[in-house]
Amino acid sequence: MTPFVFHTTPSIEFGVGGLNNVGALAKPILGDRVLIVTDPGIAALGLVERTKSILQAANIAVEVFDDVQADPPEQVILDATSQAVQNNCTGIIGLGGGSSLDVAKLVAVLSKRKQCLADIYGVGNVAQGRLPLMLVPTTSGTGSEVTKVSIVTTGASEKMGVVSPVLLPDVALLDPELTYGLPAHITAATGIDAMVHAIEAYASINPNNNPISKGLAVQALQLMLPQVLNAVNDPGDKSARADMMLGSMLAGQAFANSPVAAVHALAYPIGGHFKVPHGLSNALVLPHVLRFNCETAPDVYAELAAQVLPDAKGATGFVDHLAALSAQCGLQQGLREIGIKQDDLPMMARDAMNQTRLLVNNPRPLNETDALAIYKEAF
Ligand SMILES: [Fe+2]
C-alpha cells in the first residue's frame with residue numbers, strides 16, 4: 001500500500017445540545033480568559049450571548065470579537081489578534097461558519113506573537129505553537145473544524161492560504177442544534193459544498209489520497225445525499241440537521257488529507273470576482289466539471305456511486321442525480337443567473353489556471369481551453 005499521512009482534530013464532541021457543555025469543556029483546555037471569534041450574524045441570533053453566559057458560569061472571563069466577515073481580509077485577523085493579546089487571553093473559541101473558524105485558527109497562532117501573518121502563508125510555515133483552540137461550527141459545510149487550512153483575502157479578490165497541522169484545533173464542538181435556524185439557501189449551498197469535498201477527496205489523484213479519506217468520503221455522502229433536501233425544506237428537521245453536520249465534518253476530514261480538485265479550482269474565480277458564496281460557486285460548476293472528468297476517468301465515479309447511490313446508473317447517473325439535487329435545493333443553475341456575462345468567461349478560465357495546487361489533484365488534466373469550455377457549459 002502507498003504510504004500516507006492523516007491529520008485530524010484530536011477531540012471531537014458531537015451531540016444535540018452540546019453547546020450547554022462548552023464551559024466544562026473549555027475550562028481545562030482554554031484556561032480562564034477566552035476570546036470568542038465570531039461574526040455579526042451569529043451575534044444577532046443571540047448565540048454569542050448564550051455561549052458567553054455558559055462560559056462565565058464556569059468562571060471563565062470572556063472577550064468577544066464579532067467583526068468577522070465572509071472572505072475575511074487580513075485586517076480582521078490582525079484586529080482580533082490585538083484584542084486577544086491586549087486582554088491576555090489564554091484560549092480562543094471560533095464560533096460560526098467557515099470564515100469565523102478560519103480567523104480563529106489564525107488568531108490562536110498569531111497571539112503567540114512569534115510570527116506575523118506574512119510569515120505563515122503557504123504550506124508548513126507555522127514554526128510555533130498556538131493558544132489553545134476550540135472550534136464550534138454553526139453551518140454544515142466547510143469542515144473547517146477538522147482542516148489544517150485557513151483562507152485569507154489579501155487584496156481586492158486575491159486569496160492566500162495558511163496550511164499547517166498547527167491550525168487543527170484542540171477540540172471541535174459540533175452541536176446540530178446550532179444549525180436549526182439556518183436559512184434554506186445557506187443550507188443548500190453549504191450542503192452541496194460539503195458533498196463536493198467528499199466527491200473530490202474520493203476521486204483526488206493527490207499522492208496522499210488514502211483509505212481513511214475514501215472511507216470517510218463514502219460515509220459522508222451516505223449521510224448527506226438523502227438528507228440535504230430534507231434540511232433545506234424543513235430547517236428544524238433534527239435528523240437531517242444531525243446527518244448534515246456529521247457528514248460535513250467527515251467530508252472535511254476526507255479532503256483535509258486527500259485534497260480537492262477542479263470543482264474548487266473553477267469555483268474560486270466565481271467567488272473572487274463576483275462575490276458569490278463559496279458553496280453556490282461550487283454547485284454552479286459541479287456537474288460540468290464531473291461530466292468533463294467522466295469522459296476519461298468514469299471508473300472512480302462509478303465506484304463511488306455504487307457505494308453511495310446504488311440506484312444511479314454508474315458515473316453518468318451519479319452526476320445527473322447531483323445536478324438534479326442542486327436544482328431541487330433551489331440553487332441557481334447557470335452562471336448567467338448570478339450576473340456573470342459571456343465576456344467574463346475567458347478571464348475566469350485564465351484565473352482558474354492559477355489554482356495549480358488544486359488542478360494537479362484532478363482525475364483528468366484540465367487546461368485553460370478546457371476551463372473555458374466548462375464555464376460555457378455552466379453558463
Ligand atoms: Fe469547499
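Let me start with the surroundings of Ser-144: leaving aside neighbours within four places in sequence, this serine is in contact, meaning heavy atoms within 4.5 Å, with Gly-98, Leu-101, Asp-102, Lys-105 and Leu-135. Before I go on, please keep in mind that this is a predicted model, in which local features need pLDDT of at least 70 and side-chain atom pairs count only at pLDDT 80 or more, whereas totals for chains, interfaces and linings use all residues. Residues are numbered from 1 along each chain as its sequence is written, and side-chain values use heavy atoms, with hydrogens and water left out.

Ser-144 sits in the loop between strand 6 (133-137) and strand 7 (149-153), where helices (H or I, at least four residues) and strands (E, at least two) are DSSP runs numbered from the N terminus. Ser-144 counts as buried because its relative accessibility is 3%, the classes being buried under 20% relative accessible area, exposed over 50% and partly exposed in between, with a 1.4 Å probe and protein chains only. Its side chain also makes a polar contact with the side chain of Asp-102 at 2.8 Å; a polar contact here is a pair of N or O atoms within 3.5 Å, where within protein one must be able to donate a hydrogen and the other to accept it, and residues adjacent in sequence count only if both atoms are side-chain atoms.

The side chain of Asn-208 reaches the backbone oxygen of Val-5 at 2.9 Å, and, not counting residues up to four places away in sequence, Asn-208 touches Phe-4, Val-5 and Asn-257.

Turning to helix 3, residues 47-57, we find Leu-47, Val-48, Thr-51, Ile-54 and Leu-55 buried. They cover an arc of only 130° around the axis, so they lie on the same side of helix 3, the arc being that of the directions from the helix axis to the C-beta atoms. What do the buried residues of helix 3 pack against? Their partners are helix 1 (22-30), strand 2 (33-37), helix 2 (40-44), strand 3 (61-65) and strand 4 (91-96), while on the other side of helix 3 Glu-49 and Ala-57 are exposed. After helix 3 comes Asn-59, which has a positive phi, near 60°.
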